[in-house]
Amino acid sequence: MPVTAVLILAAGTFAIRIAGPLLRDRVTLPEKVQELMSASATVLLLALVAVSALTNGKQFGGWALAIGVVVGGVVAWRKAPFVAVIVLAAATTAGLRLLGVA
Amino acid sequence: MAAVALGAAVTGASFGAISVGSGLPWWMPVLMSVAIFAGGSQFMAVGIVAAGGSPAAAVVAGLVLNARHLPFGLAIGDVLGRSPLARVVGSHLLIDESTAFAMAQKDPARARAAYWACGVALFFSWNVGVLVGALAGQAIGDTATFGLDAAFPAAMLALTLPSLKDARTRNAALTGAAIALTTTPFLPAGVPVLLALVGLVAFRTKKKEEAPCPSPQS
């Protein structure tokens, strides 16, 4: 993660944020565009979840990893606190690896 | 608001620890959190780079993710205050939570107070959390042994679940995830995640028929 990339992302994010208050008097976004924007955020996040849970970047990433993420997902779905989700997912994967599951 | 701030601190600590676990120096998640201050895109960027993706893909994905702040800013507008300094500083504090707190207030003065209180509180709790997590993460050695590679997607899944309740968003997201998974063996890391946006063709905007005939008195 180069510093340049962080700074570009930071500058771009700031530009997006300040555009709203500055353009407010002149621009109204169609509802359809707003819906697409929020849907695209979810699409990107779930795609990254799928790729990083099931692959190592090229092929299947192993059962220990996949099962750990599924456990975390189920726990999150049952409204467990965020920390519990993370700890249980990591612990499941670590435990499975300890047992020799790839 | 204290509960929200505490939640941000904990999420920040996870972000710090996971980032360091994925191989970044401790100050990198700290710099990201101060400068970007948008948790989802930070997780996203680190996740893409950790998976071997290019920084360019990470930046593009992060920006698309943060595009949702534009309608927030349009909706919230003058709540920040009209002076240039208030707009610059206030814009940096524009996040899901501060927007929600401000929108919940009808009175403009109270909305402004709520916005700034929430934004400032979360800025501090988030960054302190990230710093603590990053330093703690340094103490952890081999990340695969501790299953930290599972913590990352699990954290993002937890962030995503509430939006998946909406059936149209869920269809688009599942289509996108399928596209990303099937293209992963053939494309450079990071690109499949961006390609998932094609899944938006499965997104149907809400039909207007929910109010079939506007009644005269409304």
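## Val85 of chain A

Val85(A) is buried, with 27 other C-beta atoms within 10 Å. A residue counts as buried if 20 or more other C-beta atoms lie within 10 Å of its own, as exposed if 12 or fewer do, and as partly exposed in between, with C-beta atoms placed from the backbone. Val85(A) sits in helix H4 (residues 82-98) of chain A. Helices here are DSSP runs (H or I, at least four residues), strands likewise (E, at least two), and both are numbered from the N terminus.

This is a predicted model: local features need pLDDT of at least 70, side-chain atom pairs count only at pLDDT 80 or more, and totals for chains, interfaces and linings use all residues. Residues are numbered from 1 along each chain as its sequence is written, while chains are lettered from A and ligands numbered from 1 in the order in which they are written.

Which residues does Val85(A) touch, not counting residues up to four places away in sequence? In chain A they are Gly72(A), Val75(A), Ala76(A) and Ala80(A). In chain B they are Ala154(B), Ala155(B) and Ala158(B). Touching, or contact, means that the C-beta atoms of two residues, placed from the backbone, lie within 7 Å. Val69(A) is 16 residues from Val85(A) in sequence, and the two are 9.0 Å apart in space, C-alpha to C-alpha.

## Where the chains meet

In the model, 83 residues of chain B are in contact with 65 residues of chain A. H9(B) gives the most to the chain B side, with 13 residues. By class, that side has 57 nonpolar, 23 polar and three charged residues. Nonpolar covers Ala, Val, Leu, Ile, Met, Phe, Trp, Tyr, Cys and Pro; charged covers Asp, Glu, Lys and Arg; the others, Gly among them, are polar.

Helix H6 (residues 84-92) of chain B has buried residues at Arg87(B), Gly90(B), Ser91(B) and His92(B). They pack against helix H1 (3-23) of chain A, together with helix H5 (69-76) of chain B.

## Chain B overall

Chain B has eleven helices and zero strands. Its C-alpha atoms fill a box of roughly 65 × 40 × 30 Å, taken along the principal axes. Of the 218 residues in chain B, 52% are buried. Among contacts in chain B with a separation of 6 or more, 66% join residues 24 or more positions apart.

## H1 and H9 of chain B

Two packed helices are described by the angle between their axes and the distance between the axes. Helix H1 (residues 2-21) and helix H9 (residues 148-160) of chain B have axes that come within 10 Å and cross at roughly 135°. Axes are lines fitted to C-alpha atoms, for helices over the stretch in contact, and angles run from 0 to 180 degrees between N-to-C directions. H1(B) and H9(B) are therefore oblique to each other. Angles under 35 degrees count as roughly parallel, over 145 as roughly antiparallel, 65 to 115 as roughly perpendicular and the rest as oblique. The crossing is left-handed: the near helix is turned anticlockwise from the far one by less than a right angle, whereas clockwise would be right-handed.

From H1(B), Ser14(B), Ile18(B) and Gly21(B) meet Leu148(B), Ala151(B), Phe152(B) and Ala155(B) of H9(B). This contact has five nonpolar, two polar and no charged residues. Gly21(B) is buried, with 26 C-beta neighbours inside 10 Å. Its C-alpha atom is 9.8 Å from that of Ala136(B), 115 residues away along the chain.

## H3 and H4 of chain B

Helix H3 (residues 39-50) of chain B packs on H4(B) at an angle of about 160°, with the axes 8 Å apart. That makes H3(B) roughly antiparallel to H4(B). This crossing is right-handed. Residues in the contact include Met44(B) and Ile48(B) of H3(B), and Ala58(B) and Leu65(B) of H4(B). The contact has nine nonpolar, four polar and no charged residues.

## Domains

Chain B is divided into domain 1 (2-163) and domain 2 (166-203). Such bounds come from an automatic or database domain assignment. The C-alpha centres of the two chain B domains lie 23 Å apart. Ten residues of domain 1 are in contact with eight residues of domain 2 in chain B. Helix H4 (residues 55-66) of chain B gives the most to the domain 1 side, with four residues. That side has six nonpolar, four polar and no charged residues.

Chain A is divided into domain 1 (1-41) and domain 2 (55-102). Their centres, taken over C-alpha atoms, are separated by 32 Å.
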